[in-house]
Amino acid sequence: MAYAHPHDAHAPAHAGHHEQSFFQKYLWSTDHKIIAFQYLFTGMALAMVGGFMAYVFRMQLAFPGTSVPGWGVVSPGQYNALITNHGSIMIFWVAMPVLIAGFGNFLIPLMIGADDMVFPRINRLSYQLFLLSALVLVASLFVQNGGFGGAWTAYPPLSANKNYNMTPYGATMWVLAVALEFVAFLLGGINFIVTTMNSRAKGMKAFDVPIVIWCIVIASILFMASVGPLIAGAVMLLFDQLLGTSFFNPNRGGDPILWQHLFWFFGHPEVYVVMLPAFGIVAEVMTVMARKKLFAYKTVIYTIVATGVLSFFVWAHHQFVAGIDPRMANVFTVTTVLISIPVGEMCFVYIATLYGGSIRLTTPMLWALAFLGEFLIGGVTGIYLGASGLDVFFHDTYFVVAHFHYTFFPIAIIAVFSGLTFWFPKMFGRMMNETWGKVHFWGTIIPFNFIFIPLFFLGLNGEHRRIFDYHSFPQLDTPFMHTLRVMATVSLIVMLLFQIPFIINFIVSAIRGPKADKNPWRANTLEWTTDSPPPHGNWPQAEMPEVHRRHYEYAVPGRAEDFWPQNERA
Amino acid sequence: MSGKTIATMRSAMGMPTGRLAVWWVIVSEIVIFGGVLVSYIMHRIGHPEWAEEASHTNTWAGATNTLVLLTSSLSAVLAHKAATEGNGKKAANLLRLTTLGGLIFLVIKSFEWTHEIKEGFTIQAGGFWSYYYTAAGLHAFHVLCGMIIMLVVAHTASKNQELQRVENIGIYWHFVDVVWIFLFPLLYIAK
């Protein structure tokens, strides 16, 4: 079956770019770099929406019943919609598009030495579907009775029955938005997997592929293998909402726990879907900034595959108190605690990589180091929750909230800032300002801890989640608890304000920062061998790179330079 | 953007890109249908009374549809054979025949469902019917999408272009067929 053309020289000539209109170049583009920016900017815009929602509901929690500046008094229904959409937006419309679609689209063709993705038009379609899903979600906030308030987990009967949730339009639009987003990422995922498998540069064997690409591809596979049951579940929920079916209605033969299983069968692998690209980004930044190869690269690949596989067997730890058989709970406790082994190993790999390295504390490196420290706290507190006995107390308390923010925040924010500040020169052809980068870093990390450490203590003292006003609960209404709530809220405001220097730094540097050359960080991977920013097609057609070694040849004894690009001949 | 990217033309795995992509699509589809069907099986086991509801499905219609889909898969295979021989026009005609099979499938199903709905067996009529219409409806949606894509592929193939797509849409069609092979016993025979 000789359909594949083995040599690039046979590829049809790329149409020389005749002048394109603004629309064609920026809004209708099939260029993976433009699509990456579309995903990145959409995700960053929605991060601001999600952050604003957090500000509003934390103000309500710290100062119940008062008028929140920029919003007004928060009603109970609004509170529920705010926490629901904060969670949904941050996971589905910030973490996923930025980490996977944004970095994946930008980096994959560049780091494997290809000129674009294998299916550029499907790539464009995936972004358009994603944008549509974001618009549907935002629109859902403004319909009659407001946005969906059934929590991002959308358990029925609340989510299925409009007499319970009282947001009929919001609830349906939320399901539609999520379903559309899933389709967009399935399409995108196929592009990433096939491109990485098939379109590598000549000489790039599987174990020469940079670790961040492995992570993004395995995350895409994990997503594809896990989202199916939830797509089925979303269709079933939609039909329960609109057509009177009884999949989840216990009064008519259905089972609400079925939704929980369908949701969490996806929901747990999903956290590893976003975790893996973050780990990959941090690994790349650390090797470059420590001038040292990643410790045990091949083992790391086996580890992340093992993490992915194991992640399919832990989901019911979200359902320990949902009425499942306690013997099942024992099984899931074992698997949950087991999965901390490969993840913990990754943290050891980072430490071993840094050990003996020649460390440059640039802004990207600061973020990468912070990722390691903060994620460790998140991971360790997960062990407490994974033990079903302890979870009987901790489930649905703020201890859980603190745990998942100590994992999600490093994943979706810290690792992202590490990657953005690291690849900014390649993306925009200019350097970001280091001083403001450090101001932004410290102004984010320090308040971050003062938001969520109080939440651990609130949880230990029994504060349940998803409650609009703790005055109703005398045992939670103590001055100590209240001080913690106020501390968390004030820290959040400080942290949000410190994002302003980042936004200014980003925009000003992109427009008139100092120009970046091809390889400002003196790194080995292929994206640093082309111009900053790369032209359409990434390299001139006749000069597509060929690979001669892995990308970890830093500080090789006997060489004049302390790095050795992959494409340089021996 | 005219012209293919260099990326599309490479093949580090040795397998043509389009075929690799179709198999990954199938992986994701397996889990989607797997989710619906596993939920259905577990519920059916827990609800023996659904057997009464299930007894009202039209096994003959289901059996005929099975035959129709299997035959259409045969014409898809013959289309692929014609494509490998470089005969785009023949492949296109065989693909159109396959699409006709899909159309017959959908027509039979619409008669079947119209009758059932008239009898009062709507999607709301019970737990079994919720699954019946959802699972078969999801499948029918995939048949329809497959037909549309197949016609586009046929049109291009009739001009002797992109003949490798004939195999790829064939793979997708076989998958849709296999899903039906699961649906037929689960919805029609298990009574």
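1. Phe130(A) lies in helix α4 of chain A, which covers residues 120–140. Helices here are DSSP runs of H or I with at least four residues, and strands are runs of E with at least two, both numbered from the N terminus. The model is predicted: local features need pLDDT of at least 70, side-chain atom pairs count only at pLDDT 80 or more, and totals for chains, interfaces and linings use all residues. Residues are numbered from 1 along each chain as its sequence is written, while chains are lettered from A and ligands numbered from 1 in the order in which they are written.

2. Is Phe130(A) buried or exposed? Phe130(A) is buried, because 27 other C-beta atoms lie within 10 Å. The cut-offs are 20 or more such atoms for buried, 12 or fewer for exposed, and partly exposed in between, with C-beta atoms placed from the backbone.

3. Apart from neighbours within four places in sequence, Phe130(A) has contacts with Tyr39(A), Pro97(A), Glu181(A) and Ala184(A). A contact means that the C-beta atoms of two residues, placed from the backbone, lie within 7 Å. Arg466(A) is 336 residues from Phe130(A) along the chain, and their C-alpha atoms are 28 Å apart.

4. Helices α2 (residues 32–62) and α15 (residues 479–497) of chain A pack at about 155 degrees, with axes 9 Å apart. Axes are lines fitted to C-alpha atoms, for helices over the stretch in contact, and angles run from 0 to 180 degrees between N-to-C directions. α2(A) and α15(A) are therefore roughly antiparallel, a term for angles over 145 degrees. Residues making this contact include Gly51(A) and Tyr55(A) of α2(A), and Arg485(A) and Leu496(A) of α15(A). By class, the contact has 10 nonpolar, two polar and two charged residues. Nonpolar covers Ala, Val, Leu, Ile, Met, Phe, Trp, Tyr, Cys and Pro; charged covers Asp, Glu, Lys and Arg; the others, Gly among them, are polar.

5. Chain B has seven helices and zero strands. Its C-alpha trace spans about 55 × 30 × 25 Å along the principal axes. Of the 191 residues in chain B, 44% are buried. Among contacts in chain B between residues at least 6 apart in sequence, 79% join residues at least 24 apart.

Notes:
Angles under 35 degrees count as roughly parallel, over 145 as roughly antiparallel, 65 to 115 as roughly perpendicular and the rest as oblique.
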